[in-house]
Amino acid sequence: MENTTADSGRDTSGNPIQRGVESAGAALHSTIDKLADPARSTVDRMSSAAHQTVDTLAGNASHVAERFSDQTRRVTQAPAHAMEYSRSWVQERPLEAVAAALAIGFIMGRLTAR
């Protein structure tokens, strides 16, 4: 079996300098891999935490937007509900409605006359 390098195709079995260089290169590659693995793991954890934070923020923002939309709908529908309630009250109690209107008109007239 002949020992050759993958990139040059030269025979390195008889060259101690070349074997030393290849051994040092292999040791450096191993050291780089040992240093890169924890960094890769840390980056993966940080990335996962960042994604979870973004998902949480998006969920909260969606919830706030939904509540705001509900409140806006209630505010825009309030006058219609008030009119419907007033209309039904006047239809059920017409004499009381006329008396209340006269009383409110009298009070408003007295307040604005001064």
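The axes of helix 1 (residues 16-92) and helix 2 (residues 94-113) come within 5 Å. They cross at roughly 115 degrees. Angles of 65 to 115 degrees count as roughly perpendicular, so helix 1 is roughly perpendicular to helix 2. This is a predicted model.

Which residues make the contact? Helix 1 contributes Trp-89, Val-90, Gln-91 and Glu-92. Helix 2 contributes Pro-94, Glu-96 and Ala-97. By type, the residues of this contact divide into 4 nonpolar, 1 polar and 2 charged.

## Overall make-up

How many helices and strands does the protein have? Its secondary structure comes to 2 helices and 0 strands.

Burial comes next. The protein has 114 residues, and 3% of them count as buried. Its accessible surface comes to about 10,000 Å². Carbon and sulfur atoms account for 62% of that surface.

## Confidence in the model

The mean pLDDT of the protein is 85. A pLDDT of 70 or more is reached by 88% of the residues. Over residues 1-8, the pLDDT is below 50. In the model, this stretch has 13 contacts beyond near neighbours in sequence.

Technical notes. Residues are numbered from 1 along each chain as its sequence is written. This is a predicted model: local features need pLDDT of at least 70, side-chain atom pairs count only at pLDDT 80 or more; totals for chains, interfaces and linings use all residues. Side-chain values use heavy atoms; hydrogens and water are left out. pLDDT is the predictor's confidence in each residue, from 0 to 100. Contact means heavy atoms within 4.5 Å. Helices (H or I, at least four residues) and strands (E, at least two) are DSSP runs, numbered from the N terminus. Buried means under 20% relative accessible area, exposed over 50%, partly exposed in between (1.4 Å probe, protein chains only). Accessible areas come from the Shrake-Rupley method with a 1.4 Å probe; for residues, only the protein chains shown count as cover. Axes are lines fitted to C-alpha atoms, for helices over the stretch in contact, and angles run from 0 to 180 degrees between N-to-C directions. Angles under 35 degrees count as roughly parallel, over 145 as roughly antiparallel, 65 to 115 as roughly perpendicular and the rest as oblique. Ala, Val, Leu, Ile, Met, Phe, Trp, Tyr, Cys and Pro count as nonpolar, Asp, Glu, Lys and Arg as charged, and the others, Gly among them, as polar.
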